[in-house]
Amino acid sequence: MQRDQHDLFGGGILVALGLAVAGYAAMHYDLGTMRQMGPGFFPTALGLVLAGLGLTIAVPAWWRAGERRGFVGREVLCVIAAILIFGLLLGQLGLVVTTALAAVVASIPAPKPGIVWRLVLAAGITALTWAIFIAGLRMTIPVWPWSL
Amino acid sequence: MTMWDGLLSGLSVALQPAVLIYSLFGVFLGTLVGVLPGIGAMAAISLLLPLTYYISAEAALVMLAGVYYGAQYGGAVASILLRLPGTPQSAITTLDGYPMARQGRAGIALFTAMVSSFAGSILGIIVLVVLAGWLAGLATRFGAAEYAAMMVLGLVAASTVGSGRPAKSMAMVVLGLILGCVGTDVNSGAQRFTFGQTQLMDGINLVALAMGLFGVAEVIGNIRSADSHGRPRRIGLRELVPSRADLRQMPGPILRGTALGSFFGALPGTGSTISSFLSYALERRVSRRPERFGQGAVEGVAGPESANNAASITAFVPTLTLGIPGDPIMALMLGALVIHGIQPGPMMLDARPEMFWGLVISFGIGNLFLLILNLPLIGMWVSILRIPFRWLYPAIIVFVCLGVYSVRGATFDIVMVAGIGAIGYLLTLAKFSPALLLLGFVLGPMIETNLRRALLISRGDPMVFLERPIACGFVLVTAALILMAVVKALRHTRQPA
């Protein structure tokens, strides 16, 4: 039997996360009293509730069959990488280079082969971005690597 | 202040050129995004949130509201022409709208959706005005205990009434509440879960969270599937003209749909999606020839489309009068107001009546724009449906990054979006609702503050929630909802899988 793995793992992660939050909050922040709650009370309580809910999600999933939904690894990887490139390189390379790079990386998982249309698309997006954010909205972002 | 004074002061706000322009802009952009399969109203509103930092509070809310109902109409276009619901609210419209398109009556289905949406919205605005005045009067008697209890009720209702399994929905709400704790604790000034990062001292950025959970996660999930649909054929203006028989079938479903939508929209936790499903079920039941449903019945488009638009208007009742968002979209709207330092609540109607009435009138004007705009532009929306998604989504990703960056010039927030986007995709994959996470995130700090205040006043006695009649009522309903969810869950496990 194929178990309901999404709920099994999802619930399990929530249990771990809930306990971690509750433990961290209880150790580092003042719990206070009922009358004068400290900053630790609310997160500790929430962490425990989350762990409890995680249990009720994960435990029944052990006895239940579940379909397995496809994970689109390439799409996740490329889109996240494109955003990271943008966030990490904007301060180093300026808007134009960063935008073009991010657009090319983001377009990698698109279901159509060919490099030319990807480069054209990236150039188009870069031009549009420059037109909207620099020429139009006059945002103060370094445009070129040498204008930093 | 009488209603007429209010309306007059509201007119002076709503007719400002800036407000009118942003209303038009919001409606236009909302329809555009709603038409595009693959990005919904949540993503559209998230994408525009950064812009609200630069315009007045009234213009911001009017624009975002325009995006919201524009997206609903746009979603109906995609539903009718391609059987691809652009938004969940319009999923039910595919049932009869798409068969109508197949029979060559696409124009009439679009006309029906347009007119029903407009009628539903305008009637919804009337309900909004009546309910808001009444609720705001009631809410002035609310104390911290009532607010805390009511917000908890709202969260529990949202996670038990909607689709999906209650335990999973509730887990998302709780996770959102935990994320809402990040940052400086308002009551004690202590830093919680900041791990020494000064960027987190103000908490997790709402824009980064919303864009990651909706913009990025939706794009990732749709790259592979969005282009697999066919291309719709072009539609001329003349095809929109309905026959007299078609027209006769509309008023009944529109009125019933509006009544349903107004009611469920104003309740916390339920909303436009549920209203549209209920309206469809109701129309099929009252119809003398229910076998026509699913084969292209005009009532099957008119009822749900008026219901979801009425619901999207009356959803503003709890948001504006109590300061409590009933659904995740309203949570974003509330976030936009809070950015401007405006805390909606019972005081707003008294202290800033021009704001409330201005919004109400603007909703009407926005819906008028929607109707006027869409008659001549229908051909353009159909053309947009023909653009492949692979050309659009890299641009969306770049705009998400720049939008988040523009809020406070922090590249840290862009990196946050990457992480949140990955988590958001995993949550959607495992059928956990990111929308409920956002609702918990926005309500979290408010619940904590009111809970702590209520217990401080009662000297630590938790009985305060049962001794005050209104708070007690909220607690009892909450308990009943949880009990129902538990019973449902137990029955669910006993059934063979």
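How many of the residues of helix α8 of chain B are buried? Keep that question in mind while you open the model, which is a predicted one.

**Before you start**

The model has an ipTM of 0.89 and a pTM of 0.83. For chain B, the average pLDDT is 83, and 94% of the residues score at least 70. A word of care as you look around: where pLDDT is low, the predicted coordinates should not be read in detail.

**Stop 1: helix α8 of chain B**

Select residues 166-181 of chain B, which form helix α8. Here is the reply to the opening question: 16 of the 16 residues of α8(B) are buried, so the helix is mostly covered. From first C-alpha to last, α8(B) reaches 23 Å, close to the 22 Å expected at 1.5 Å a residue. Now step just past the end of α8(B) to B:Gly183, where phi is positive, at about 115 degrees.

**Stop 2: A:Gly54**

Next, click on A:Gly54, which sits in helix α2 of chain A.

**Stop 3: chain A and its side towards chain B**

Zoom out and colour chain A by its two domains, domain 1 (5-62) and domain 2 (73-147). Their C-alpha centres lie 39 Å apart.

Then show the contact between the chains, which takes 55 residues from chain A and 51 residues from chain B. On the chain A side, α1 (5-28), α2 (41-62), α3 (73-107) and α4 (116-136) each supply at least two residues. Which helix gives the largest share? That is α3(A), with 17 residues. By type, the chain A side divides into 37 nonpolar, 13 polar and 5 charged residues.

**Stop 4: helix α19 of chain B**

Select residues 411-429 of chain B, helix α19. Its 19 residues should span 27 Å at 1.5 Å a residue, and the end C-alpha atoms are 28 Å apart, which agrees. Among the buried residues of α19(B) are B:Ile414, B:Val417, B:Gly421, B:Gly424 and B:Tyr425. Just after α19(B), B:Lys431 has a positive phi of about 60 degrees.

**Stop 5: B:Leu455**

Move to helix α20 of chain B and pick out B:Leu455. This residue is buried, since 24 other C-beta atoms lie within 10 Å. Leaving out residues up to four places away in sequence, B:Leu455 touches A:Met34, A:Arg35 and A:Met37 in chain A, as well as B:Gly460 and B:Pro462.

**Stop 6: a pair of helices in chain B**

Finish with α5 (residues 93-102) and α6 (residues 106-139) of chain B, whose axes come within 7 Å and cross at roughly 145 degrees. On α5(B), show B:Thr93, B:Gly97, B:Met100 and B:Ala101; on α6(B), show B:Ala106, B:Ile108, B:Ala109 and B:Ala113. These contact residues divide into 6 nonpolar, 2 polar and no charged.

Note on methods:
Residues numbered from 1 in each chain as written. Chains lettered and ligands numbered in written order. Predicted model: local features only at pLDDT ≥ 70, side-chain atom pairs only at ≥ 80, totals over all residues. Axes fitted to C-alpha atoms, helices over the stretch in contact; angles between N-to-C directions. Helix = DSSP H or I, 4+ residues; strand = E, 2+ residues; numbered from the N terminus. Contact = placed C-beta atoms within 7 Å. Nonpolar A, V, L, I, M, F, W, Y, C, P; charged D, E, K, R; others polar. Domains from an automatic or database assignment. pLDDT = per-residue confidence, 0-100. Expected span 1.5 Å × (residues − 1). Buried ≥ 20, exposed ≤ 12 C-beta atoms within 10 Å, placed from the backbone.
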